[in-house]
Every structure is written in C-alpha cells, then in structure tokens.
Amino acid sequence: NIDFMYALKVDTQGVEPVVFSGLHSTIENKKADTILLEFWPKGMDFMNDATEKCAKPVEILEFLVKNDYHLFAMENIGHPKGPNNGGFLNKFHLNNIPFNNLKEFCMWYYNLEDKFPSEEYKMGYWTDILAVSSKARFSKSPATNLGKILQKYVSH
C-alpha cells in the first residue's frame, strides 16, 4: 500500500520482464517517480525463454513510454570477460546507437556482440535505463535526512 516512491531500482539479472509484469499498477498510476532498470536484452531474452529477440525488453520500454515516462540511457556496459573494445561502447558520436526506435535500440546490443565477439563471454552487453515520470515530484531540497546531510557537501 505504497502511495509513491522517489526511486525504484530493478536489477534482476534478466528477470526484469517478470518483475515489470507485477508493476503495471505502480507504473500506470505513476507511483514511482523514477525507475532505474538494467537493460540487458540478451539476458532478458535468455531468462524468459524468448523465441524472438528483444520482444520482452522492448515491451518494458514501450510500457514505460506509453505511461509517460521519459527514458534516459546510461553508459553501455560489457562484462569484464568480454572483449576490450577500446572504449567504443560509450563513444555515442561514433557508434550510431538508434535512440529513436526501441526495437533497433535493443538490437544494437545484439549487433555489438557480433562486432566484438568473445570466446570467453557470450551473454552480450547492457546499459541502465533511467525512466522518469512526467509527474515526478522533485523538490529543490533533499527530502531525506541523509540527503540533507549530503547537501551540505555539494552546496556552494
């Protein structure tokens, strides 16, 4: 019976579609101002026995967008056992990540694995997605005691 929360973090190693299936009311009613979601297409497909690449990962993003959450992609991440790709992952001006199409955005992670194959690690790349509700309730001052303490160190 939570009325709202400032932040919800979902990082369940590929089981995010199951978690999001139980969050419909929370998202539809914008009870979470922000949601930080690990977006790992290959892991999500693998853990959910997907027959089509990116169906479940894109379904999550589409549901968030449909419910007026704004999506922000964080840095892309590769497993330490994956290939060292010279920082290519986060050179956004070079790697042409298709941010304007959710299916193509998801498939970009599969395609990246094809560009940088690894014999040791075959579970792909991922990012974190920050979803911010259009109804987010952000105040100018921190709302928690810890936030008030930390604010002293970032002010001026």
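Figure 1. Read along the sequence, the elements of the protein chain follow the pattern β-α-α-β-α-α-β-α-α-β-α. The chain has seven helices and four strands; helices (H or I, at least four residues) and strands (E, at least two) are DSSP runs, numbered from the N terminus. The model is predicted: local features need pLDDT of at least 70 and side-chain atom pairs count only at pLDDT 80 or more, whereas totals for chains, interfaces and linings use all residues. Residues are numbered from 1 along each chain as its sequence is written, and side-chain values use heavy atoms, with hydrogens and water left out. Of the 156 residues of the protein chain, 37% count as buried; buried means under 20% relative accessible area, exposed over 50%, and partly exposed in between (1.4 Å probe, protein chains only). The protein chain exposes about 9,700 Å², of which carbon and sulfur atoms supply 55%; accessible areas come from the Shrake-Rupley method with a 1.4 Å probe, and for residues only the protein chains shown count as cover. Among contacts in the protein chain with a separation of 6 or more, 73% are between residues 24 or more positions apart, a contact being heavy atoms within 4.5 Å.

**Figure 2. The disulfide of C54 and C106.** The sulfur atoms of C54 and C106 are 2.1 Å apart and form a disulfide, defined as a pair of cysteine sulfur atoms within 2.5 Å. By this rule the count comes to one disulfide. C54 lies in the loop between α3 (41–47) and α4 (55–66) and C106 lies in helix α6 (residues 102–115), so the pair ties together parts that are 52 residues apart in sequence. The link of C54 and C106 is left-handed, with -90° about the S-S bond. Both C54 and C106 are buried, and the relative accessibility of C54 is 1%. Phi of C54 is near 75°, a positive value in a residue other than glycine. Most residues other than glycine have a negative phi.

**Figure 3. The salt bridge of K42 and E113.** The side chains of K42 and E113 meet in a salt bridge at 3.0 Å, N to O; the term denotes a side-chain nitrogen of Lys or Arg within 4 Å of a carboxyl oxygen of Asp or Glu. This pair links distant parts of the chain, with K42 in helix α3 and E113 in helix α6, 71 residues apart. K42 is partly exposed, with a relative accessible area of 23%, whereas E113 counts as buried at 13% relative accessibility. By the rule given here, the count comes to two salt bridges. Side chains of opposite charge can pair when their charged atoms come close.

Figure 4. The closest N and O atoms of K103 and E52 are 3.3 Å apart, and the two residues form a salt bridge. The pair links distant parts of the chain, K103 being in helix α6 and E52 in the loop between α3 and α4, 51 residues apart. K103 counts as partly exposed at 32% relative accessibility, and E52 is partly exposed with a relative accessible area of 47%. A polar atom of the side chain of N101 lies 3.0 Å from the backbone nitrogen of K103. A polar contact is a pair of N or O atoms within 3.5 Å; within protein, one must be able to donate a hydrogen and the other to accept it, and residues adjacent in sequence count only if both atoms are side-chain atoms. N101 is placed in the loop between α5 (92–95) and α6 and is partly exposed, with a relative accessible area of 29%. N101 and V58 are 43 residues apart in sequence and 9.7 Å apart in space, C-alpha to C-alpha.

Figure 5. E16 lies in helix α1 (residues 16–21). E16 is buried yet has no salt bridge, and the nearest side chain of opposite charge, K9, is 9.1 Å away; Lys and Arg count as positive and Asp and Glu as negative, while His and the chain ends are not counted. The side chain of E16 reaches the backbone nitrogen of T12 at 2.9 Å. Not counting residues up to four places away in sequence, E16 touches V10, D11, L37, E38, M44 and I60.

**Figure 6. The backbone at Q13.** Q13 has its place in the loop between β1 (5–10) and α1. Phi of Q13 is near 55°, a positive value in a residue other than glycine. Q13 is partly exposed, with a relative accessible area of 45%.
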